[in-house]
Amino acid sequence: MAEEITDPYYMSIRLAIENHCQLHNINLQKIYLPMKSFDDISAMNLDGLIALGKYSEEEIQTLHTLNQHLVLVDCYSKHYNIDVVMADLKEATKDIISYLLDLELKKIGFICGIEKTLDGQELLDIRLTTYINQMSKLKSFNQNNVYLGAFTADSGYEIMSEIIKQGKLLDAYIVASDAMAIGCLKALNENNIKVPDVVSIISYDNISLSQYTIPSLTTIDMNTKHMGETALDLLVERINNDREIAKKVTIPTRLIKRASSL
């Protein structure tokens, strides 16, 4: 729940699942880990599970043991029997870099949060790895242009404040969430650094607030409503048909161009 307060991305997917359940008269029970345990889940006698967020392979295997009707949302697993719904973050990141290059912005940095599973394993972010690969192909990758923090506005603010303090502003920054980008914009505005005249900012999520920032955020629309609805549709179909072979569904994204990068 804390993650939903600081970064609305997961909340928007959860709300889509809840609304879709209500539409189809499906009884939904919300389970917040780690407040609830895996033993609690086992005792609930559920028809199926939708697991939203990041889990280690060990945790995924435990969930699948508890309930074989399992759908993961925003967490990939190659498991043969587990359904997955993911946004296409790899192509989204390629689209951002291509767009910035078209604007003749070549010095591009990356600001990203670090995500951990419940058992403490740090996860590689596909957005960051794609950025590294693409910039390396362009012979423009510099490790010093990557900044890691948390997926919160406070973390974005702190990172951008430090960049400004060190006088190391680049042409543009790809920021891994709207929440972090809002913090970046606050730091830039406080220092009278004009966006996008001096530096462009592009982020991910397209939360409702992103169109009301100053300037409004160019961002990747993750189609979170479709992600949530697809997860429930997969689960219902799996339960009804007792399907064993998994489906791995990749949801396309689109770049929403606004004032922070024009």
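# Sheet, cores and salt bridges

Six strands make an open sheet in the order β5-β4-β6-β7-β8-β10, with mixed pairing; two strands pair if DSSP finds at least two bridges between them. Strands (E, at least two residues) and helices (H or I, at least four) are DSSP runs, numbered from the N terminus. This is a predicted model, where local features need pLDDT of at least 70 and side-chain atom pairs count only at pLDDT 80 or more, while totals for chains, interfaces and linings use all residues. Residues are numbered from 1 along each chain as its sequence is written, and side-chain values use heavy atoms, with hydrogens and water left out.

- β4 and β6 (residues 172–175) run parallel and are joined by 4 bridges.
- Isoleucine 111 has valine 175 in β6 as its bridge partner.
- Helix α6 lies across β4, β5, β6 and β7 (200–205), and runs at about 160° to β4. Axes here are lines fitted to C-alpha atoms, for helices over the stretch in contact, with angles from 0 to 180 degrees between N-to-C directions.

**The cores**

- The largest nonpolar core has 57 residues, and those with the most contacts inside it are Ile111, Tyr131, Met160, Tyr173, Ile174, Ile201 and Tyr204. A nonpolar core is a set of buried Ala, Val, Leu, Ile, Met, Phe, Trp, Tyr and Cys residues joined through side-chain atoms within 4.5 Å.
- Buried means under 20% relative accessible area, exposed means over 50%, and partly exposed is in between (1.4 Å probe, protein chains only).
- Beyond its neighbours within four places in sequence, tyrosine 131 is in contact (heavy atoms within 4.5 Å) with residues including Thr93, Ile97, Phe110, Phe141 and Ile174.
- There's also a second, separate core of 12 residues, with Ala51, Tyr55, Leu72 and Cys75 among them.

**Salt bridges**

- Taking a side-chain nitrogen of Lys or Arg within 4 Å of a carboxyl oxygen of Asp or Glu as a salt bridge, the count comes to 13.
- Glutamate 115 pairs with lysine 54 at 3.2 Å, N to O. Glutamate 115 is buried, at 17% relative accessible area.
- Arginine 238 and aspartate 83 form another salt bridge, with their closest N and O atoms 3.0 Å apart. Since arginine 238 is in helix α9 (residues 224–241) and aspartate 83 is in strand β3 (residues 83–87), the pair ties together parts that are 155 residues apart in sequence. Arginine 238 is buried at 2% relative accessibility, and aspartate 83 is buried at 0%.
- Asp83 and Arg238 also belong to a salt-bridge network with Glu237, Arg243 and Lys247.
- Lysine 94 and glutamate 91 make a salt bridge at 3.6 Å between closest N and O atoms. Both lie in helix α5 (residues 89–102), 3 residues apart, about one turn of the helix. Lysine 94 is partly exposed at 26%, and so is glutamate 91 at 35%.
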